[in-house]
Amino acid sequence: NGLIEGINPRDGQVYTISAQGEAALLAGPTLAESVAESAPRIAGSTDELIYFLLALVFVLLSGIVGLRAWYKVWKRGTRGPTMKQHEAKATTAAARNYKDDMIASSTKVGRDIFRHPSGVFIARGSKGKRRFFSNLMAARLYRSLNWKFYEIDGATVVDKAKAAPEAQA
């Protein structure tokens, strides 16, 4: 608005020239008053601290997950195939034949889902792999979505298949 404000002691030391030509010093706020007034504005809010801590935790967790994944890949590359992988390659043909025999003696429940007399469900997945399940819903989930819930180990299936004819006799 083009107007000049009057002298405010809070602006600091103000020198004025009186009409007689003498200089006079006006005292402003003390140092303690200035610090008490400006310290809360300089300190900032606690929201900034919370956001900083959340970002720090996120970066640390991302680093830990990344290091763990890198370590697993590095460890796998230095050791070569595990013993379990060697055993799987050796028993693949036998397992394939056994699954064929089990499907032959099973009844068809749904598309690519079979029920063996021992109560085990055999489901063929979208890529043709056959797996054993304890209930029909788990077999359907594997057939349609490749989700392996309640999958039964092959050794357990062999034990159940051997026990089923004895129970029926």
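Reader: Why does Asp112 count as buried?

Author: The model is a predicted one, and in it Asp112 has a relative accessibility of 17%. Buried means under 20% relative accessible area, so Asp112, at 17%, counts as buried. Asp112 lies in the loop between strand 3 (107-110) and strand 4 (113-115), and, leaving aside residues up to four places away in sequence, Asp112 touches Ile122, Ala123, Arg124 and Arg143.

Reader: What makes the link between the side chains of Asp112 and Arg124 a polar contact?

Author: The two side chains are joined at 2.9 Å, and a polar contact requires a pair of N or O atoms within 3.5 Å; the value of 2.9 Å therefore meets the distance cut-off.

Reader: Is Asn146 buried, partly exposed or exposed, and why?

Author: Asn146 has a relative accessible area of 35%, and partly exposed covers the range between under 20% for buried and over 50% for exposed, so Asn146 is called partly exposed.

Reader: Why is Arg130 called buried?

Author: Arg130, which is found in strand 6, has a relative accessible area of 13%; since buried means under 20%, Arg130 is buried. The side chain of Arg130 also makes a polar contact of 2.3 Å with the side chain of Asp100. Among the residues that Arg130 touches, not counting those up to four places away in sequence, are Arg96, Lys99, Ile103 and Ile122.

Reader: How many aromatic pairs does the structure hold, and why is the pair of Phe133 and Tyr142 called tilted?

Author: There are 2 aromatic pairs in the structure. The rings of Phe133 and Tyr142 have their centres 5.3 Å apart, and rings pair if their centres lie within 6.5 Å. Their planes stand at 40 degrees, while under 30 degrees would count as stacked and over 60 as edge-to-face, so this pair is tilted. Both Phe133 and Tyr142 are buried.

Reader: What makes the pair of Trp147 and Phe149 edge-to-face?

Author: The ring centres of Trp147 and Phe149 are 5.9 Å apart, with the planes at 80 degrees; because planes over 60 degrees apart count as edge-to-face, that is the name given to this pair. Trp147 is partly exposed, with a relative accessible area of 43%, and Phe149 is likewise partly exposed, with 43%.

Reader: What does the protein chain as a whole contain, and what share of its residues count as buried?

Author: The protein chain has 5 helices and 6 strands, which run from the N terminus on as β-β-α-α-α-β-β-β-β-α-α. Of its 169 residues, 17% count as buried.

Technical notes. Residues are numbered from 1 along each chain as its sequence is written. This is a predicted model: local features need pLDDT of at least 70, side-chain atom pairs count only at pLDDT 80 or more; totals for chains, interfaces and linings use all residues. Side-chain values use heavy atoms; hydrogens and water are left out. Helices (H or I, at least four residues) and strands (E, at least two) are DSSP runs, numbered from the N terminus. Buried means under 20% relative accessible area, exposed over 50%, partly exposed in between (1.4 Å probe, protein chains only). A polar contact is a pair of N or O atoms within 3.5 Å; within protein, one must be able to donate a hydrogen and the other to accept it, and residues adjacent in sequence count only if both atoms are side-chain atoms. Contact means heavy atoms within 4.5 Å. Rings of Phe, Tyr and Trp (its six-membered ring) pair if their centres lie within 6.5 Å; planes under 30 degrees apart count as stacked, over 60 as edge-to-face and the rest as tilted.
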